[in-house]
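Trainee: Could we go through this one together? I'd like to know what stands behind each term.

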Amino acid sequence: MAETTLSTQRAGRKPRFLLADNASVLIFMGLLALFTLGVTVLSEGFGIGVISTSFVKTLGKTLCLCLVALAMDLVWGYCGILSLGHMAFFGLGGYAIGMWLMYARTEIIVTESLAAAALPPTPQEISDGIAAQIFGVVGASEFPPIWAFAHSLPLQLAAVVLVPGLLALVFGWLAFRSRVTGVYLSILTQAMTLALSLYLFQNDSGLRGNNGLSGLQNLPGLGDVPQSTVSLWFFWASALALGLGYLLCVRVVSGKFGSVIRAIRDDESRARFLGYPVEGYKLFIFTLTAILAGIAGALYYPQAGIINPAEIAPIASIYLAVWVAIGGRGRLYGAVIGAAFVSLLSTWFTGGQAPDVSLGFYTIQWVDWWTVLLGLSFVAVTLFAPKGIGGLFDLIADRRHQDRHGADLGPEPGALREKESQV
Amino acid sequence: MTRILLTLACLLGPLLSAPAAAQQADAPIQVLLQEHGEIIAESSRRSIGPAIDALADSGMPEAQAVLERWQAKEMWIDAASGLFVFAEEVDRDTLRIFDVATGEDLGEVPDDTYDQLKPNSGIRGMIAAALVRFQLIDPDPTVRATALDAIERDPEASHLSVLRAVKGSDGTPDFLTRVERLERLLTIRFAEEDAERIAAIESFAGDLGVDVRAALNPLVATRLEAAKTMPDGPDIAGRLYPDREGLSAGDAYVLLVDAGLAPPRISGEAQRQALESNIQNGAVAGIEVATLSTQTARDLAYRALAETGAVDPVATEGEVNAALADHVFFARYIGAPPAVAQAAALALGDIGNKVAFNRSLDLALDGISLASIYFLAAIGLAITFGVMGVINMAHGEFIMMGAYTGFVVQQVVPDYTLSIILAIPLAFAVTFAAGVAMERLVIRWLYHRPLETLLATFGVSIALQQLAKNIFGTQARPLTAPGWLDGSLVVNDIVSISYIRIAIFVLAILFLAMFLLVMNRTRLGLEVRAVTQNPRMAASMGINPDRINMLTFGFGSGIAGIAGVAIGLYAKVTSEMGADYIVQSFMTVVVGGVGNIWGTLLGATMVGFLQKGIEWLNPSNTLAAQTYMILFIIFFIQFRPRGIIPLKGRAAEV
């Protein structure tokens, strides 16, 4: 904050508060609070029961997806790094919290069953029992080294932040240092995601191979609390995380720092020649968004109940890019709208609730055809509406900039234009 | 006439003195059978051995017939005289009997006094093994070859002498070579003299046959033993140390316990049970049960119990370590006399080196074929990405489209050879059209916006993938290779390569040649290169860049279609097959260096060999191999971000 204040002061302007700069933030926060309140009132756990518990979970999961979309927008829409690895960070966060959930719950079960024995169990016996329960399915009976901290909630919570953060830091440092940019970087991040998911698919990866971690919806020690209540806890936590994440992202993209990362997106070389340490900025954004993705994942998977390596497959990260692009990249609320809109629509179409369309000679079943429609509409959005759904707000506000020629290349005002880019 | 005779025989049979009387009871073969009469009649697999051996070893010419007919359940025994005859059942009650020695027809008799010998399948197997020696000298070459197969499958010591006898006889060179090799193999296993066996072992030095290794391996079998001091002697194969390779400390201690050199240890489970069964008044040997929640406390309680005599004493950790340090562990040859075992070990070592060399040769062949597949998958991408700078995420789906075209053609044209010949140009046409359509509709609006090309083509990719799923279903569809591509080229027992892989390799070479030809020798290639280097200059020279871009993109997509047919022959056709190759294809292009076909070739070679190499290090796990390969590539790109052959000059800055 101090830096921003300083720079704006230097520019001879009055220092302004974060929210005052961004009227949209107030609107967003208000809507989010209203939505949270509304769902709570209508829920089964605390309200009149119009919204079922499973739908509360769906909404809570959608909020988590909005958070990871926010991270994606920050790294792609604002910094120009099309990362195809953020769903991998999301999954890592889920695995980190899943390890504790699974360990702690199994520990309770094992302790209870051993308590019936004549002798009190030794720590070794308890640990062996837990290992046999968890890893029996992949034919192992010992804890792999990566489970060393699974018994401790604080340590695993730290892992939610540290594991994706460190991976992003190391990967980003290697990639940015050797000036891998643009599509090369996208392919490289996709390769990283593929490597990670292939690794997790192995039975000896220590994370139960393609069985993944399951039973995550049951909080250890809180078996008496009904799911309708637990689902709301997670819903609130997700809403809180989304709200805080939004504020953080707004803070990052406003002020001088935000200008620099936008400059990097629009012309990296120019930003570098102006003396900015481009690699450092990119690495910071890449790592920060990876951590956000990890936190989102840690909130998502306890609501989903199960995590397996298929969730980390490269396709998931590409869908994330699809959401952000459809919502409108380069504006934070666009990412949130895109993720919420597309993921809820996907759930609706693939859940079999959408009515079939009969053409007389052929019946379109949306379970089969939704992906085709999504793919084609994605092409259409890329071609005809690069600003996505968020662009509609520009029409309302009539915020067209007439100062430069050529069509926009990016969704952000001031992005590189077509005519100029050909020079 | 015959009928009259038959009738006569039937009528007179019982009246005549037993026809068996006409048998030659003193014929040598009959005498031999009589010697073993009891065990033959008993017909038990456990005791029959000597009888069969005696017959087979008798050297009598009649023995073969006896064994064959016995095996065919055509030998009967006259309960009255105890003599053996061959017999055929004429009807329910009547037998036509033959003399065992001469085969002479002895007429028909009622079967009252005759018992059929019914060898069970075990005995028939033993007879078959004994018969082998007779079949080896059979005039019919197929019988001889079958006999050799039988010996190879189930060799016996008795076969050795037969093989030696046959070795010097006449026969085709092939047959004699086989006999000679088999004789040496059997010498290794069954010969009496060590010198003979060693000579035979040495004659196989460097032989790659699986049969040789199968014969040698039992000879070097060892048994682990423990003793106070290291014994001397030729039969000691080597010393082992506990807790190092080949012998864990736990196993070593079990050896000591088994040899009676140390007291046993107790498992946690057994200890717990022992303690549980000795709980008295809530305590074990005076120690409160509630305190027994650590291993140390349980050990103390168990020690206390042992002192009272309730349980057997067991070794503590310290005693175990002391015992392990006090004894030596060694392996002793038990499969053969020491000299033979050492010769076998030497020969195996020699063979092992040669096997390792051939394995690497085989691995290299595998690497080449995998590299050709990656090259085929990546070459189209190298054109669109490398030459035009367009990322085509739907490239994998073009591969899939080509494969499905092949599948559809095979549904229409049943002849596999013809259908493949038709499928290749058709796949090219279909994907060429799809590529041109995509270039016209999507990509040309997005030149200079590579990231958005990536996204738009990805949209096309998921739409095409789901479309294929809707049309062809989720199950894998077969694309059958023509018969002449079945099987593989076998160089020796280790090195072999299937014809399909050779065909894919040839196809890859053809594509490389075609690409070089088109790019360097045709007008189109010239224009493509011009547009790549400088579109504006090219346009001012009268080249239409739009047209060239369209054709280039179509060309790259068309090659993907043909690659799809090739990959479909080798793997199954599914809607997800493209997605399986897309990342590796991108890796191939990026590693090789964008915009250079030689780079793509090098990239494919590197990726292919790398993957096979890693699989060889960890053969059980292809997933791990792919993981490590991708990690390696990520690191490789750190050091050569522009690939093995980077673009130089102005073109590199586009």
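Trainee: Leaving aside its neighbours within four places in sequence, which residues is B:Leu208 in contact with?

Mentor: B:Lys354, B:Val355, B:Asn358, B:Asn492, B:Asp493 and B:Ile494. Contact here is a matter of C-beta atoms, placed from the backbone, lying within 7 Å. Keep in mind that this is a predicted model, where local features need pLDDT of at least 70, side-chain atom pairs count only at pLDDT 80 or more, and totals for chains, interfaces and linings use all residues. Residues are numbered from 1 along each chain as its sequence is written, while chains are lettered from A and ligands numbered from 1 in the order in which they are written.

Trainee: Why is B:Leu208 called partly exposed?

Mentor: Count the other C-beta atoms within 10 Å: 20 or more makes a residue buried, 12 or fewer exposed, and in between it is partly exposed. B:Leu208 has 17, so partly exposed it is.

Trainee: On to chain A: what makes α5(A) and α12(A) oblique to each other?

Mentor: The axes of α5 (residues 86–115) and α12 (residues 278–304) of chain A cross at roughly 50° and come within 6 Å. Under 35 degrees would count as roughly parallel, over 145 as roughly antiparallel, 65 to 115 as roughly perpendicular, and the rest as oblique. The pair therefore counts as oblique.

Trainee: Which residues make that contact, and what are they like?

Mentor: α5(A) gives A:His86, A:Phe90 and A:Gly94, among others, and α12(A) gives residues including A:Ala293, A:Ala296 and A:Tyr300. They divide into 14 nonpolar, eight polar and no charged. Nonpolar covers Ala, Val, Leu, Ile, Met, Phe, Trp, Tyr, Cys and Pro; charged covers Asp, Glu, Lys and Arg; the others, Gly among them, are polar.

Trainee: How many residues does the largest nonpolar core have?

Mentor: 215, and A:Val68 and B:Leu376 are among those with the most contacts inside it. Such a core is a set of buried Ala, Val, Leu, Ile, Met, Phe, Trp, Tyr and Cys residues joined through C-beta atoms within 7 Å.

Trainee: And how many residues does each chain bring to the contact between A and B?

Mentor: Chain A brings 44 and chain B 46. On the chain A side, α8(A) provides the largest share, 14 residues.

Definitions and conventions:
Contact = placed C-beta atoms within 7 Å. Helix = DSSP H or I, 4+ residues; strand = E, 2+ residues; numbered from the N terminus. Axes fitted to C-alpha atoms, helices over the stretch in contact; angles between N-to-C directions.
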